[in-house]
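Have a look at it first, then work through the notes below.

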Amino acid sequence: MQDEITRALGPGCAGALSAQQASDLQALHGYWEGLCAGHDVPRRSEIDPRRIGGLLSNAFIAERIAPGVTRLRVAGLHLNAVMGMEVRGMPLSSFIAPSAREAFALALVDLFERPARLEIDLRAKAGLGRPEMTGRLMLWPLRSDLGDVSRALGCLVTNGDIGRASRRFEMEAVRVLPLGGAAVPIAGPLEVMPGGLRDAWRGRGAPRGRAYLRVVK
């Protein structure tokens, strides 16, 4: 079993999936994993939309344009509905609440530079014309035609009515799942703090940013 780093960022319970969603996501992971046969990370050109099945409207392809920054190259209709607009060409971080974007950027560094898979539990708070939503964002690394790990296959599934768009999500947990068998430390629970990063996790061990997360003993 692969080791993972789990960062709990909130009270939990977000990202609960229906049996159908869980089955579809497992099938999508199996498809990506099958493309890895003979190499660690498949190429973007190997992705066949016809094989994505019931999650085609939830799926997307993202391109890394800078450390911690990605933009959507291709996106399914569900992502457009969540944002209330065409999302192709937009940063993937547009779906993330501003207070969580620094932590999200550091997770993207792991995605492309380890490389690793990401599973992120999400929650969008209720507001005027906006019921509470939960969801899960999953990302799998891909190689470009040049061979560098700078693309990602992703999927965003949500539960709850979208209501008035645009909807943005807080991250309640981030799971970083390495592709190889090398052991990595499992981070302790983390609590969201205002502004920056603090203590256990700063992405690839490099000090950066302001205080944002702290270990909860």
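Let's start on the inside: Leu92, Phe95, Ile96, Leu122, Leu137, Leu156 and Phe169 line the largest cavity. Keep in mind that this is a predicted model.

**The cavity**
- If you're wondering how empty space gets found, rolling a probe the size of a water molecule over the atoms shows where it is left.
- The largest cavity holds about 40 Å³ of space.

**A look at Ser150**
- You'll find Ser150 in strand β6, which covers residues 149-159.
- Is Ser150 buried or exposed? Its relative accessible area is 7%, and because anything under 20% counts as buried, Ser150 is buried.
- Leaving out residues up to four places away in sequence, Ser150 touches Ala62, Glu63, Arg64, Phe112, Leu142 and Ser144.
- There's also a polar contact between the side chains of Ser150 and Arg151, at 2.9 Å.

**Cysteines**
- Cys155 has a relative accessibility of 0%, so it counts as buried.
- Cys36 is buried too, with a relative accessible area of 14%.
- How many disulfides turn up in a search of the whole structure? The search comes back with zero.

Technical notes
Residues are numbered from 1 along each chain as its sequence is written. This is a predicted model: local features need pLDDT of at least 70, side-chain atom pairs count only at pLDDT 80 or more; totals for chains, interfaces and linings use all residues. Side-chain values use heavy atoms; hydrogens and water are left out. Helices (H or I, at least four residues) and strands (E, at least two) are DSSP runs, numbered from the N terminus. Buried means under 20% relative accessible area, exposed over 50%, partly exposed in between (1.4 Å probe, protein chains only). A polar contact is a pair of N or O atoms within 3.5 Å; within protein, one must be able to donate a hydrogen and the other to accept it, and residues adjacent in sequence count only if both atoms are side-chain atoms. Contact means heavy atoms within 4.5 Å. A disulfide is a pair of cysteine sulfur atoms within 2.5 Å. On a 1 Å grid over the protein atoms alone, a cavity is a set of points where a 1.4 Å probe fits but cannot get out, and a pocket is an open set with protein on both sides within 12 Å along at least five of seven lines; lining residues have an atom within 4 Å of a point. Grid points are joined across faces, edges and corners, and a volume is the space filled by probe spheres set on the points.
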